[in-house]
Amino acid sequence: MSERFDRQIKYESDLDLNFAHQIASFPGGERIFDCIQCGTCSGTCPLSVYMEYTPRRIIAMTRAGFKDEVVRSNTIWLCSSCYSCTVECPKEIKLTDIMYAIKRQAIRENIWPKEFKMSPMMTGEFFKLVEKNGRNSEGWLMMNLYMKSMAVGDALKIAGIGMKMFAKKRMSLKTEKIADPAELRKILDAAGSEMELIKEGAKEVVHG
Amino acid sequence: MTATETPRIGVYVCHCGINIASRVNVKEVVEFARGLPHVVVASEYKYLCSDPGQELIRADMKEHNLNRIVVASCSPLMHESTFRRVTAEGGQNEFLFQMANIREHVSWVTEDEGEATSKSKALVAGAVRRVAFHEPLTREKVPVNPNVLVVGGGIAGIQAALTMADAGKKVYLVEREPTIGGHMAKFDKTFPTLDCSACILTPKMSMVKSHPNIEMMTLSEVAEVHGYVGNFKVKVKKNPRYIKEDLCVGCLECIESCVYKEAKFPDEYNLGLGKRKPVYIPFPQATPQVVLVDPETCLYLKKGKCKQTCLEACDRKAIDFEQKEEISELDVGAIILATGFKAFDPTNRLPQYGYGFYPEVYTSLEIERLLNSAGPTSGELTTKSGQVPQTVGIVHCVGSRDKKTNVWCSRVCCMYSLKLAHLIEERTGAHVYNFYIDMRTPGKGYEEFYERLLQEGMRPVRGRVAAITDWAMTPEEEGKLVIRVEDTMIGVVRRIPVDMAVLSVGLEPQPDAKEVRRRFNISCSPEGWFLERHPKLAPVSTFTDGVFLAGACQGPKDIPDSVAQAGAAAAEALALIDRGYVEMEPNTAWIEEELCSGCKSCSGQCPYNAIGFDDEKARAMINEALCKGCGTCVATCPSGAARQKLFLDKQIYEEIRGVLSYV
Amino acid sequence: MKYLYYPGCSLKVTGKPYEDSLLAVFNALEEEIEEVNDWNCCGATAYSAVDQMKAFALAARNLALAEEQGGEKAELVAPCAACYLVLNKTCHSIQDYPARVGLQVKRALKAGNLTYKGTVNIRHPLDVFANDIGLEVIEKRVKNKLAGLKVACYYGCQIVRPYAEFDDQHQPMTMDNIIKALGAEPVNWSLKTRCCGGSLSATVSDDALSLSRILIKEAKRRGADIITTACSLCQFNLECFQEKLKQKGDQPGETEIPVAYFTQIMGKALGIDEAKLGFKQSFMPLETLF
């Protein structure tokens, strides 16, 4: 019987009203409150038609505090960073940067839709490779990714293309490396945790 | 009192409700003021501009025998005149008063209470030390010339001119185009009543032409403006029409006989959608009913070689190829600016909508002409290939509400888009979509008109159009324009194929608004809209006395609002004229003769030509009637002989000392 | 003038033909170009999704190295669209967010004994060819006029959006003009900057596939013989999944079209040996087109 009374209503107490302010404090998030819900972002987005919530709805939900729904949505993993929304927005909201900020939140919280696990996984593998070697090795990235995803079917599906790439000398398992990756890690460590920085710099006057 | 009498100063700090008091610790400022030199009383009040507030000052002046007043409150623009009057009513000269602006300069722009209070104290200290050196001054009364200049012959200018002319004033109406009528003359119907634009406008146009008190000057522009409120001297440049206006009766025989048998030049009045000859009349009801010759396309005027068949055809000998530009000088007491707006041109500015790229993308103004029975197609709406459109998409907010083009809402587009939707559906039977961000219909009968359109089956889609392309994904889209938009009410992205797309373009300031602003010495917003003196309480006045605003030159406006504002501007101008005189601000400059070395540095710098030279004494002299108190000569004079009332060195130095002594 | 070259990871592997043809074209046009020593990954789209600050520091190291090597006003050529965008974005963010990004990047670089003064000019090869070298020079150097070849110029997203100033974001023309200078005929289409799916092809392949399919179909509908790209990921997405489209039910020929780097086409017109242009590395033979 309970499912017949599934509540459709969203209570204010379920919302995180601070979420939008947190997103707004990241570089690029500052104009989120300017949105007039015109839908230009969704109209111009080539992937919005596959998304659970269109970019416009993500902005509206973020502002209203629907943090759980936003962070768990597939929208952020379907954003290809093509920047159409960012350049078309009549209020100059940097939507692509906002998508990044929400993705980071999802990665920090370790949540994403199951069928989209490849996206955060690839992001993580890429991050690790670059942190280790200073460069990405495309062959190894793909190998690691498909080994890890354990989706044999998937691996086989793209194996054909992969083999062809190897044959055409457009894929290799040579590890690309900079001279001294340890030196680069020093730089990355000194860049610090972005969360702390945001707290520190949130009052800065934005010129962009 | 005399200047030598010991100053007895009263200081009054205003709360302005919470406008000032929420940031500035008013009590502390009052306490501080009590300790300043010559201050006899200092007190605070919630609203000093109110009657009891004013009475407080007047009573104190009597009781404490005050001879100088300082009010710390809002901007002098707002209430300087109020408190000068209060000072006069309290028995002192009105110029023994000084204002400190602790609202616009402090509380509205300072977050921190401590900083705000400190800055207020510094400003009060400056004002107190300054006012101690103020001297009584008198205003000069100057008579007002009763003639009026109206610039711009659109509906606002026409309305203002007729109102004043009916009141018996002589009106000069200057219009840059060959005919009056402005944008309204191009429309087919007007919202929300759908009355025919020409039917309601053209009677007013002919009234202008025939009114004994109106001198209409078309093809004319104001070139220079000198003088001041009540006594402006205006130079008007009239471009040659190559037609003697008083002889031409508008028989159009010359057009018939022109060596160009076919009309082949783009017709400006129809936005290039129709064609005209070198000699033409903009539209049938043009006022004046007189043809003109375009020097850019007339063979004779351009190359000097033509059979001049038009000359023979005109039996009244009205054609005059020798006409030259003429300058006339007008003396007027007041000026009304009604220079209108420019419709946003989407060419290259919004490439995603394909205007200028896809032939079936039109601007709303072009559709107005195509729907107009006096337009290039006699009111028939077809695509460029001659087909009656089956579906039409009207795109709102083109060049409005967009940081990349114009940030403002243009106010008229929602309503005219609904009107166009109605007319298109009525004439062609097409399905018409309206793509809007917000449907804004705040006006009498406007919401009802929206409801009527919904009942008529207009298809509303809430969403700003992302792109218009000819990229076809399905067979139904082949050969059509495809509008891609998120239907934000439903939450899905849609592709809608249409035969025609109409861009509802917004309103922009005229491209030369900034030059015009300088010519009339008024202010404009950064975008170029002329700035009213106060957005609520002085909406048709400017910061230059005697110059008033009417219509869309001040901001986007529809016809009813333009007409109402034109009436208001006319009333303000009439009030000025009928009073008969103006009192001048006594902040003019003079020359201390014994200090002047006769170097003439000042005279070349004066922007108002107010400085002459007395050859006998070899001294400069300032004509106070022409001086506008800009202070340039004072700053220029190497020997300190040029001085300015209300801005004497000692007054300014004291003010600076006052501010600095606190900081 | 000597240009500095920032290859990025892709141009060394999947985009090798892009690197080979680009350098060959620079050589043929007698322009000097030199690789930045010890460059590292730009961070691409993935790094920003983990830590934005580290992403900026990562990119900034390359800028610092370029400034060191090329001196002030170094012209840094970044052919890969993602690299071009990330480097530009880093520069803009350092300026736009002086406290949150600028200061922090400075601190990070200091830890690696580097500084960046902000003088490097980031350029795309399209910009360099059209605006520095000039279309007339290119036209003069053409040895094999590509008459009759219909080309759909595909710019992708990140070259023109959101930072590039050298071309229009909706209807860019730089590549079209270069193609015209080679004697070929660019086709007019409105999807020049519509996304190909980018890195989504590795993670959500079905949706990404539809994006590539839309582009290929429209290019063919406009009568193109070939699509040219200026990004290794675009080239990969558009070329390498054509087989898969057929498996998914597209008719033979419906979504088949050669996809080349614009530099490969330039090289061909400039008379460079096909072997030096990586023609053999394409899935679909390019040789037969000429």
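A salt bridge is a side-chain nitrogen of Lys or Arg within 4 Å of a carboxyl oxygen of Asp or Glu. Keep that rule at hand for the exercises below.

This is a predicted model, where local features need pLDDT of at least 70, side-chain atom pairs count only at pLDDT 80 or more, and totals for chains, interfaces and linings use all residues. Residues are numbered from 1 along each chain as its sequence is written, chains are lettered from A and ligands numbered from 1 in the order in which they are written, and side-chain values use heavy atoms, with hydrogens and water left out.

**Exercise 1. Describe the interface of chain A and chain B.**

Step 1: Start with the residues. Contact means heavy atoms within 4.5 Å, and here chain A brings 22 residues while chain B brings 17 residues.

Step 2: Turn to the area. Buried area is the accessible area (1.4 Å probe) that two parts lose on being put together, summed over both. For chain A and chain B this comes to about 1600 Å², with 43% of it on carbon and sulfur atoms.

Step 3: Look for salt bridges. The rule finds 2 across this interface. One of them joins Asp34(A) to Lys403(B), whose closest N and O atoms lie 3.4 Å apart.

Step 4: Helix 2 (40-44) and helix 6 (84-88) of chain A each supply at least two residues of the side that touches chain B. Helix 2 of chain A gives the most, with 4 residues.

**Exercise 2. Describe how domain 1 and domain 2 of chain C meet.**

Step 1: Find the domains, whose bounds come from an automatic or database domain assignment. In chain C, domain 1 covers 2-123 and domain 2 covers 135-276. Their centres, taken over C-alpha atoms, are 24 Å apart.

Step 2: Count the residues in contact: 23 from domain 1 of chain C and 22 from domain 2 of chain C. Together the two domains bury about 1900 Å², 68% of it on carbon and sulfur atoms.

Step 3: Search for charged pairs. The count between these domains of chain C is 1 salt bridge. Glu30(C) and Arg141(C) meet in a salt bridge through their side chains, at 3.0 Å from N to O.

Step 4: Finish with the helices. Helix 1 (16-28) and helix 4 (81-96) of chain C each supply at least two residues of the side of domain 1 that touches domain 2. Helix 1 of chain C gives the most to that side, with 8 residues.
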